Amino acid sequence: MKNSFKKNPWSWVPTLYFAEGLPYVAVMTIAMVMYKQMDMSNAEITFYTSWLYLPWVIKPFWSPLIDLLKTKRWWIISMELLIGAAFGGVAFTIPTSFWLQGTLFFFWVMAFSSATHDIAADGFYMLGLNEHQQAWFVGIRSTFYRLATIFGQGVLVMIAGQLQLLFRGNVRLSWSLMFYGVTGIFIGLWLYHHFVLPKPDQDQKRQMVRGEIGKSITHMLSTFFTKFPWREVLVGILFMLLYRMPEGLLAKVSTLFLIDSGTNGGLALSPQEYGLVQGTVGVIGLTLGGILGGMAVAKHGLKRWLWVMVCAITLPDMVYVYLSYALPESLLIVNVCVFVEQFGYGFGFTAYMLYLIYFSRGEYKTSHYALCTAFMALSMMIPGLFAGALQESVGYQTFFWIVMGACSITFIITSLLKIDPEFGMKKPDE
């Protein structure tokens, strides 16, 4: 009975991908809300937190280590323990005089551990399940990753806000206690997976061959840059870097706009209100948009829906122009606007993800897709580095108009793509 429980995918797939999503949302979103409440400037927040994308940018270059050293199960469990320790480190350093250096250090540890956990978890998923189970549980894993996002930037931010009411506005104590709670959750996940994760026969440590890592990386890069004519490769890389340019500018500043004070031109949402708006309603809109985008492409192919998706991922950004001028007090209006923008982003993001798959096709699709996701992380990291400074220099209203202007880059780079009209379309025999 014990062995059958261990081998049942329902016993570990949901929790594994919940554990994958939670640290990511912590370093990308929760950290921003916390730093804003601790009176850091928008320029400092976006600059420091954008650097946390770096582990996801460079993870393809250390992914061979996950195959060559230990087992993927060992990497998963070890990284979950390290992530739990990093959450504890953040909680411990928040009330101290070196809170900025301390929390950034532990967020860095969390980011590198999380990126490594991603590599091991995705590989383990393919080793621990047969092909039928992989297809069946792909929606389950995505759902629990989204639930981790809702729990992180929704529930956890709300809890931090409630603790501030309980402790009469003590921001540092409230965030510290919240992160201590997440530490407990992650230690629980570590213990649970230590006993429940299966031990697939294929998940074995490989014999280390001298020079194998270097050869693997060199071969991955050479085949990636020569798989298509050089013009098509160049357009493809530019598309990966520029398609999300407006979102790269908007993502971090929109969060700060929602919680910034009215005197600074923000909407002054409380942590509880932010958790509802962005962490719950926004994530639901994002998820629904992604589901409908996938259904549309499956029926008619990516090429037919490409321009609709380009409009969907760019034009709804206009809601932030409206919000910055209207500054509505109605939480309903704010929720509707954020839902529209996130729904459009989810629908339009489908085109981007499918193009990564399209570009990665071939004999080395796994390593090439990993490199494509590195460009994806870089596309968010670079604009985020200066987005806060730009916003502070021009104000929220002008900044959101600049975002709308950047949408033209998305249209231009998309017009250069060459895509097989049948790509993504469900075949008659499938």
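The protein chain has 16 helices and zero strands, where helices (H or I, at least four residues) and strands (E, at least two) are DSSP runs numbered from the N terminus. The model is predicted, so that local features need pLDDT of at least 70 and side-chain atom pairs count only at pLDDT 80 or more, while totals for chains, interfaces and linings use all residues. Residues are numbered from 1 along each chain as its sequence is written, and side-chain values use heavy atoms, with hydrogens and water left out.

For 430 residues, a compact globule would have a radius of gyration (taken over C-alpha atoms; globule rule 2.2 Å times the number of residues to the power 0.38) near 22 Å, and the 22 Å of the protein chain agrees with this. Along the principal axes, the C-alpha atoms fill a box of roughly 60 × 50 × 40 Å. Of the 430 residues, 53% count as buried, meaning under 20% relative accessible area with a 1.4 Å probe, protein chains only. Among contacts (heavy atoms within 4.5 Å) between residues at least 6 apart in sequence, 84% join residues at least 24 apart.

Asp 317 lies in the loop between α13 (302–314) and α14 (318–326). Asp 317 is buried but has no salt bridge, defined as a side-chain nitrogen of Lys or Arg within 4 Å of a carboxyl oxygen of Asp or Glu. Apart from neighbours within four places in sequence, Asp 317 contacts Pro 246, Glu 247, Leu 250, Glu 341, Val 403, Met 404 and Cys 407.

Technical notes:
Buried < 20%, exposed > 50% of the residue type's maximum accessible area, 1.4 Å probe, protein only. Lys, Arg positive; Asp, Glu negative; His and termini not counted.
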